[in-house]
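Me: I've got this model open and would like a close look at a single part rather than a tour of the whole thing. Please pick one piece and walk me through what surrounds it.

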Amino acid sequence: MNFNNVTFERSFGISSQLPPSTLPEVAFAGRSNVGKSSMLNALFGRKSLAKVSQKPGKTSTINFFATEGARFVDLPGYGYARVAKSEKGRWAELIEGYFNQDRNFALVVSLVDIRHEAQQLDLNMINFLMEAGLPFAVVLTKADKLSRNQQNKQVSVLRRQLALPEDVPMLVTSSEKREGFDVLRKLITQACEG
């Protein structure tokens, strides 16, 4: 799979607009301000394919990116963002509407900020993925903000807190230092080809 040949396809504001699922899909989910857009740009080796903002809530649509043989789906962030309740409600509808469709889910990448304990919304997402039986991995973001020792401690704390089965991968990444992306690319490739 050529991660450097990913192109933006389209954005959708309501789940009923979503196109049929014709390729394996890798969806990226996480709280607002978890670093999802920065992580996607690092994964694809691009600086601004996914729009990055200092203000939480920049991704307010479902954005589809494609490469040969797979689609990448950037879901809106959930949780903290300075937007109206109606807008948060629309984001929730988008996320739920996406997961409630008959789609070719190859992998869901659930992003969690390594610097903090998991929040209730993180726990809700992980529980949903386990109950739905969807293939998923947990990617811990913003690792460059912690020492190696602190990272190791947080991995243990978060794995226990999220009650992850041993077979669920948990990866540590830093989009600033480009760490962890070779392992993530391999995991995604295996999920799409399997």
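Reply: A quick definition to start: helices here are DSSP runs of H or I with at least four residues, strands are runs of E with at least two, and both are numbered from the N terminus. Keep in mind that this is a predicted model.

Let's take strand β5, residues 105–113. Nine of its nine residues are buried. It has a parallel partner in β2, with six bridges between them, and V26 is bridged to L107 there. Another parallel pairing, again over six bridges, joins β5 to β6; in that one V109 sits opposite A137.

Now zoom in on S110, which belongs to β5. With a relative accessible area of 1%, S110 counts as buried because the cut-off is under 20%. Beyond its neighbours within four places in sequence, S110 contacts A29, M125, I126, L129, A137, V138 and V139.

Setting aside residues up to four places away in sequence, V138 touches S110, V112, I126, L162, L164, P169, M170 and L171. V138 is also among the residues with the most contacts inside the largest nonpolar core, along with L75, Y98 and F99; that core has 33 residues. β5 is one of the elements giving two or more residues to this core, and the others are β2 (25–30), β3 (62–67), α2 (85–99), α3, β6 and α4. Another core lies apart from it, with 27 residues that include F3, V6, V26 and F65.

What about α4, the helix in that list? It runs over residues 148–162, and its 15 residues reach 21 Å from first C-alpha to last, close to the 21 Å expected at 1.5 Å a residue. Its buried residues are Q151, Q154, L158 and L162. Looking down the axis of α4, you'd find them within an arc of 65°, so they line one face of the helix. The face turned away from the buried side carries K153 and R160, which are exposed. And here we get back to our strand: β5 is among the elements covering the buried residues of α4, as are α3 (120–132), β6 (136–141) and β7 (170–172).

Y98 and F105 make an edge-to-face aromatic pair, 5.5 Å centre to centre with 85° between the planes. Y98 counts as buried because its relative accessibility is 0%, and F105, at 16%, is buried too. Ring pairs come to ten in the count. Another edge-to-face one is F12 with F64, at 5.5 Å and 90°. That pair links distant parts of the chain, with F12 in β1 and F64 in β3, 52 residues apart.

Key. Residues numbered from 1 in each chain as written. Predicted model: local features only at pLDDT ≥ 70, side-chain atom pairs only at ≥ 80, totals over all residues. Heavy atoms only, no water. Buried < 20%, exposed > 50% of the residue type's maximum accessible area, 1.4 Å probe, protein only. Contact = heavy atoms within 4.5 Å. Expected span 1.5 Å × (residues − 1). Arc of directions from axis to C-beta. Core = buried A, V, L, I, M, F, W, Y, C linked by side-chain atoms within 4.5 Å. Phe/Tyr/Trp six-rings, centres within 6.5 Å; stacked < 30°, edge-to-face > 60°. Pairing = 2+ DSSP bridges.
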